[in-house]
Amino acid sequence: MTERPLPEGTTAATGTTGTAAAAGAVDRPTAHAWAALGGPPELLERVTFHGPEDVLPSGLPVRRLARATVAVCSLAAAELASHRAGGSAPLAASVPAVRVDQGAVATAFVSERHLTVDGRAPVNFAPHSGFWRTADGWVRTHANYPHHRTRLLSALGLAADAGPEQLAEVLGRLPAELIQERAYAAGALAVAVVPVSSAVHPLVEHLEVGAAAGTAPVRPLGQAPVDRPAAGIRVLDLSRVIAGPVATRTLALLGADVLRVDSPRLPEADDAHADTGFGKRSTRLDLAEPADRAVFDGLLATADVVVSAYRPGSLDAHGLGPDALFARRPDLILAQLCAWGWTGPWAGRRGFDSLVQAGVGIAAHEAAPETGSGTGGRPGVLPAQALDHGTGYLVAAAVLRSLTDQRTRRPGGRHLRFSLAGTASWLLHGIEPETPRGGPSEPYDPARRLAEVDSPYGRLRHALPPIGYEGAPADWSRPPGRWGTDEPVWL
């Protein structure tokens, strides 16, 4: 464990800070997200913020989104901690106070940029990933994984060893939408940069399963330490690349036994796993192989939570769609997340944070000013992959809330659905713009929110978790192990 540094402006004697929210004030984005998760409104009085204000600068209210998602996750953890301390529905006064450090939030939201491995900084975007001019605008590609790069180059008639210059030449001759659709047909990833979309997706969709008929009792949870409110909870992690792994990394921080399961046919990048594998274990199972499938079914039989970040319908062929899962386990908490939302023509498409930013208008909103030639400036990006990280904390919050809700209100399963597009539409249309504050902000020093630890990958420098409630853990109990090397068993 790493000792959590004191927030800037805080004294060890009093724990007070001059930047905490005014007494009785409720942050609107936090209240909106908490209501979407079904949280008791009276608990919002437990939340305050402190630390530097000038973080995650953007033309959009990214700071407000980021701190709200961490706040509701912290509050959900505090609510569960209160329940497991007393065994009944938590009262507001018994829930640990939540104090969110905006500097810790900003650092965690770019955790992949702060990661170093034996002093080496990972490359977060490969040379074939990024914005490219097209014949009529711009397109954003994602080719970090070798199979995505190969598919992209093949879709454009390029050799597998074609460099970025050759890619740029071909893209510059074609319309953006044509590139997008060719890539989609080939299983590659390219999205045209478009103006801000008016489409609105829900922030979260949730459905209770089996509770009305009383057919899905849930196992009781005993007492747990305040820093491990999810102790004893078994989480099957079926997710990759940032949002899902951030959610399960957070549940592991809070004591859950998280086992990530990947196909041996779909390798993971070591650096990506080194960033999001903290606190978890990782194994490989091929669900098409009978022996591995039997092992997976055994894990599922006693899991409390499944977090899935594969495209809608992609696990149905293995009998792991929501209906099939709840038929077997009506008490399960199933949290699903996707890129483009759960309805509409793009629901089944592949996507990453950077592509969703392009496809919903965030990249256009953040674009550079027009150039003297009259053509649009280069598309811009958010100061963090905020759709990924924000959705990850919302997923973890929803799981924690469901664990409490099952045991204090109604038993039964919970089906939770999130999308990067839903978080994007909240950012674009659901959060009021930042209001300039008078006076200087506290200085932001990310180094105070970083720690170092030895791991099988080497010496890691990593961002500390931003979860902030009285008694919250300061760091993960274990560093990431080598991807896919753990035994497929529960602890």
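Modeller: Ready. Bear in mind that the model is predicted.

Biologist: In β12, which residue is the bridge partner of Val305?

Modeller: β11 and strand β12 (residues 333-338) pair in the parallel sense over four bridges. Val305 belongs to β11, which spans residues 305-308. Its bridge partner in β12 is Ile333.

Biologist: Which residue of β11 is the bridge partner of Leu238?

Modeller: Strand β8 (residues 234-238) also pairs with β11, in the parallel sense and over four bridges. Leu238 has its bridge partner in β11. That partner is Ser308.

Biologist: Which residue of β11 points the same way as Val306?

Modeller: Side chains in a regular strand alternate between the two faces of the sheet. In β11, Val305 and Val307 point one way.

Biologist: Is Ala76 buried or exposed?

Modeller: Ala76 lies in helix α2 (residues 62-86). Its relative accessible area is 0%. The cut-off for buried is under 20%, so Ala76 is buried.

Biologist: How far apart in space are Ala76 and Cys338, C-alpha to C-alpha?

Modeller: In sequence, 262 residues separate Ala76 and Cys338. Leaving aside neighbours within four places in sequence, Ala76 is in contact with Trp34, Ala397, Leu400 and Arg401. From Ala76 to Cys338, the C-alpha to C-alpha distance is 22 Å.

How values were computed:
Residues are numbered from 1 along each chain as its sequence is written. This is a predicted model: local features need pLDDT of at least 70, side-chain atom pairs count only at pLDDT 80 or more; totals for chains, interfaces and linings use all residues. Side-chain values use heavy atoms; hydrogens and water are left out. Buried means under 20% relative accessible area, exposed over 50%, partly exposed in between (1.4 Å probe, protein chains only). Helices (H or I, at least four residues) and strands (E, at least two) are DSSP runs, numbered from the N terminus. Two strands pair if DSSP finds at least two bridges between them. Contact means heavy atoms within 4.5 Å.
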